Amino acid sequence: MTTVVSAIIATFVTFPLLPWLLVCFVLLRWQPKQKAIRHASDWTLPFFLLAIVFICYELWPGHGAWLAIIFIAVLTVALLLFMHWVHPTGTPKKKTTAAWRSLFLIAGLLYLFLLGAAFLDRVVFA
């Protein structure tokens, strides 16, 4: 049983678009389309961040994972500060949600970029 759960988690971390699609599909049954997409993005951001860390580790085995973790931490703090600067009177929950969703967009694009870079590194330049 644990190997099945491990395989599912590994698949979700390796291909974070898969859990996003699954969560979005399930939520579409009970919520409007826009709300389902937002909630799916909120819940699957950790999969994208883990995928970025693992891809960086594979591309740069020495210090790639630490660099990715530091980059994500700095980016998160920068987004939170930017959201506070843009909406100084907004509630902390709205600022955090906006930063979280912005981080999802950036992480999704970064995942696709790093996936392409890993593909070029392993297949084309091998």
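Reader: How many helices and how many strands does the protein chain have?
Author: The model is predicted. Read along the sequence, the chain follows the pattern α-α-α-α-α. The count is five helices and zero strands.

Reader: What share of the residues of the protein chain count as buried?
Author: The chain has 126 residues. Buried means under 20% relative accessible area. By that cut-off, the buried share is 29%.

Reader: What share of the accessible surface belongs to carbon and sulfur atoms?
Author: Start with the total, which is about 8800 Å² for the protein chain. The part that belongs to carbon and sulfur atoms is 78%.

Reader: How are the rings of Phe12 and Phe47 arranged: stacked, tilted or edge-to-face?
Author: The structure holds four aromatic pairs. In the pair of Phe12 and Phe47, the ring centres are 5.9 Å apart and the planes meet at 80°. Planes over 60 degrees apart count as edge-to-face. So this pair is edge-to-face.

Reader: Which parts does the pair of Phe12 and Phe47 tie together?
Author: Phe12 has a relative accessible area of 21% and is partly exposed. Phe47, at 23%, is partly exposed too. The pair links parts that are 35 residues apart in sequence, because Phe12 and Phe47 lie in two helices: helix 1 (residues 2-14) and helix 3 (residues 33-59).

Reader: Why does the pair of Phe82 and Trp85 count as tilted?
Author: A pair of aromatic rings is described by the distance of the centres and the angle of the planes. For Phe82 and Trp85 the centres are 5.8 Å apart. Stacked needs under 30 degrees and edge-to-face needs over 60. The pair is tilted because its planes are at 45°.

Reader: How far apart are Phe82 and Trp85 in helix 4?
Author: Phe82 is partly exposed at 43% relative accessibility. Trp85 is exposed at 67%. Both lie in helix 4 (residues 64-86), three residues apart, so their separation is about one helical turn.

Reader: Which residues form one aromatic cluster?
Author: Rings pair if their centres lie within 6.5 Å. One cluster is formed by Phe48, Phe104 and Tyr111.

Reader: What span is expected for helix 4?
Author: Helix 4 has 23 residues. From its first C-alpha to its last, helix 4 reaches 32 Å. At 1.5 Å a residue, that is close to the expected 33 Å.

Reader: Which helices do the buried residues of helix 4 pack against?
Author: The buried residues in helix 4 are Gly64, Ala65, Ala68, Ile72, Leu75, Leu79 and Met83. Residues three or four places apart in an α-helix point the same way, because there are 3.6 residues a turn. The buried residues of helix 4 pack against helix 3 and helix 5.

Reader: Is Ser41 buried or exposed?
Author: Ser41 sits in helix 3. Its relative accessible area is 8%. The cut-off is under 20%, so Ser41 is buried.

Reader: What distance separates the C-alpha atoms of Val5 and Cys24?
Author: Val5 lies in helix 1. Val5 is partly exposed, at 39% relative accessible area. Val5 and Cys24 are 19 residues apart along the chain. Their C-alpha atoms are separated by 21 Å.

Methods
Residues numbered from 1 in each chain as written. Predicted model: local features only at pLDDT ≥ 70, side-chain atom pairs only at ≥ 80, totals over all residues. Heavy atoms only, no water. Phe/Tyr/Trp six-rings, centres within 6.5 Å; stacked < 30°, edge-to-face > 60°. Helix = DSSP H or I, 4+ residues; strand = E, 2+ residues; numbered from the N terminus. Buried < 20%, exposed > 50% of the residue type's maximum accessible area, 1.4 Å probe, protein only. Expected span 1.5 Å × (residues − 1). Contact = heavy atoms within 4.5 Å. Areas by Shrake-Rupley, 256 points an atom, 1.4 Å probe, with all protein chains shown as cover.
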